[in-house]
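Trainee: I'm new to this one, so please walk me through it piece by piece.

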Amino acid sequence: MKSLTLWPIGNCQVSALVDDAAGMVWACQPQVDGDPLFCSLLDPKRDTPPDLPAGEWRIYLKDQVSAEASYLANTAILSTILTDERGAKAEVIDFCPRFERRGRMYRPVSFVRLVRPVKGSPQVRIALNPATDWGAKDAEHTNGTNHIRFLTEPQPLRLTTDAPVGRLIDGRSFRLERTLSFFLGPDEPFVGNVEVEVAHMLHDTRRHWKHWVRGLAIPLDWQEVVIRAAITLKLCQHEETGAIVAALTTSIPEHDGSERNWDYRYCWIRDAYYTVQALNRLGALDVLEAYLSYLRNIIDHSEGGEIQPLYSVSGEGELTETFAPGLAGYRGLGPVRVGNAAYSQIQHDAYGQIVLSSAQAFFDQRLLRPASADDFAALEQVGERALASFDQPDAGLWEFRTKSAVHTYSAVMCWAACDRLAKIATNLGLGDRAGYWRKAAERIRKAIEKKAWIAGEGRFSAIWGGSELDASLLQLNDLQFLAADDPRFVATFDAVEAGLRRGDHMLRYSTEDDFGLPQTAFNFCTFWLIETLHFVGRTAEARTLYEAMLERLTPAGLLSEDTDMETGELWGNYPQTYSLVGLINCAVLLSRPWSAVR
């Protein structure tokens, strides 16, 4: 298998991954960081009948020979056409309801599936076997005439359907002669006729996504790529709080046997910053506004502006890392981790990312809630932490677990926090505060230029007092610390490219870490390379490299975190927000202008 052939659906409350043959193989409830009711993606360690795999909801035809999946245009709604050996066909429609109803967004903890006969007389089978306790056991169930109740954790769910319930329980195939509707949601009576109500949900959800996409300011080139990446980034936001998760999955390893299996179903301040930055370029202000609300709550609950690298989607700070013994892992490559010990790490770059994410709210008059002087005062606490921390060791953005250093990227992010606070203060007419933060930024800049500079090589190091190379040095330009034509940046870029580029791929770093030498390329770093090639005037090369990255997209048009440099196989959690951000940012930078079609 060359790629993760998985198709995300969701509604910004729950999400699921469907494989390319109508198997729902991953879904958590009541939110993205909850217990997975569908977890066959991570291979439950127990014997179940071959036709009723643990932790899965699969729809297939008797004597099926093919399946073809695709999204309905500009939506998060998935269509899969199943074909049997006689040429009979059926269509499976998968989505999570999302639309405005009674003046609010309706996004229940629910998964909807429709099965439609398309051609001939297909015989369909529904294999539904939710799991609980992190894949350790099948969810117990009871049933009525038109529903099945599953005792899943942390809350029971109910399947309401107009399909023959007995056939779902005994697992026998039956002739598909009409559209069947399935609504798996809260354990409460379903109001109304399920066929009629689900049809309305499909119509309204499709309309909602099309209108959301219609409001995006997309580039002329690579529109399908940008739209699919934008929709998927939207699915990575937990709208109730505004948190943005790094990925929808846990423990898909960075490469075969690496044990670099991390739980990414949480909100990293760093990842979310890059996500809102990309979506802002497309005009998706709803994501920014919701995330700023999340940040304000994080700041209010912090002590003296001290910020963790990541939080749960509900804003909880303690994310103790444990293992799920009931799951063997993706392709059997465990362990499966729940929680992430990085929450307790020291990562100083988070201070800059909070300020940079918040800065737009002080200037953008389109926002429903523009930032105020009180918000600035709260944000200054974060700035003070940046000023106190910029020259102190941390784990860095790559979250080293057994070593620390003063990382240039973290220091520059702290500089950016002070620099942007000065600009915000100026905009608010707070001259004394603007002067204070300008002096703070200048102090940090001088320290970076002294401590991270390698005079003998005429470039910056990734670590103060060292000579290490790190792809994050390419961000010196994007963060406005150095101009693209500054000889110091050009020399640093030349060194990073020579040391970390591997053909069409880019490494984060090439030195050993807690788990040995990296063996896969980090997709986001490759996009940083593409951006930098453009900024230094090598735009034709940047476009060629971007097109090469597009060849690695999954059938769903998405990317995971890492790529095997030899085989092109995708590894790491999926879909990865970093990688989707790269797809958007590079398309915006490299596209022809709209004036080209006039």
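Trainee: Let's start with a single residue. Is R102 buried or exposed?

Mentor: Some ground rules come before that: residues are numbered from 1 along each chain as its sequence is written. This is a predicted model, where local features need pLDDT of at least 70, side-chain atom pairs count only at pLDDT 80 or more, and totals for chains, interfaces and linings use all residues; side-chain values use heavy atoms, with hydrogens and water left out. Buried means under 20% relative accessible area, exposed over 50%, and partly exposed in between (1.4 Å probe, protein chains only). R102 has a relative accessible area of 76%, so it is exposed.

Trainee: Where does R102 sit, in terms of strands?

Mentor: Helices (H or I, at least four residues) and strands (E, at least two) are DSSP runs, numbered from the N terminus. R102 isn't a glycine, yet its phi is positive, near 55°. You'll find R102 in the loop between β9 and β10.

Trainee: On to charged pairs. How many salt bridges are there?

Mentor: In general, side chains of opposite charge can pair when their charged atoms come close. A salt bridge here is a side-chain nitrogen of Lys or Arg within 4 Å of a carboxyl oxygen of Asp or Glu. By that rule the count is 43.

Trainee: Take R98 and E239. How many residues apart are they?

Mentor: Their side chains meet in a salt bridge, N to O at 2.8 Å. The pair links distant parts of the chain: R98 is in the loop between β8 (89-95) and β9 (99-101), while E239 is in the loop between β20 (237-238) and β21 (243-244), and the separation is 141 residues.

Trainee: Which loop does R107, another partner of E239, come from?

Mentor: R107 forms a salt bridge with E239, with the closest N and O atoms 3.0 Å apart. This pair also links distant parts of the chain, 132 residues apart, and R107 belongs to the loop between β10 (104-106) and β11 (111-119).

Trainee: Which residues do salt bridges with shared partners join into one network?

Mentor: Besides those pairs, the side chains of D286 and K234 meet in a salt bridge (2.8 Å, N to O). That one links distant parts of the chain, with D286 in helix α5 (residues 285-301) and K234 in helix α3 (residues 223-235). D286 is partly exposed at 29% relative accessibility, whereas K234 is buried with a relative accessible area of 1%. Salt bridges that share partners join into one network R98, R107, K234, E239 and D286.

Trainee: Now the helices. Are α12 and α14 roughly parallel or roughly antiparallel?

Mentor: Axes are lines fitted to C-alpha atoms, for helices over the stretch in contact, and angles run from 0 to 180 degrees between N-to-C directions. Angles under 35 degrees count as roughly parallel, over 145 as roughly antiparallel, 65 to 115 as roughly perpendicular and the rest as oblique. Helix α12 (residues 523-535) and helix α14 (residues 577-590) pack at about 15°, with their axes 8 Å apart. The two helices are therefore roughly parallel.

Trainee: Is the crossing of α12 and α14 left-handed or right-handed?

Mentor: A crossing is left-handed if the near helix is turned anticlockwise from the far one by less than a right angle, and right-handed if clockwise. For α12 and α14, the crossing is left-handed.

Trainee: Which residues of α2 make the contact with α3?

Mentor: The axes of helix α2 (residues 194-214) and α3 come within 11 Å and cross at roughly 115°. Contact means heavy atoms within 4.5 Å. On the α3 side the contact is made by I227, A230, I231, K234 and L235, and on the α2 side by W209, W212 and V213.

Trainee: Last one: which residues does R420 touch, leaving out those up to four places away in sequence?

Mentor: R420 is in helix α8 (residues 408-427). With a relative accessible area of 9%, R420 is buried. Not counting residues up to four places away in sequence, R420 touches V355, L356, W415, L479 and Q480.
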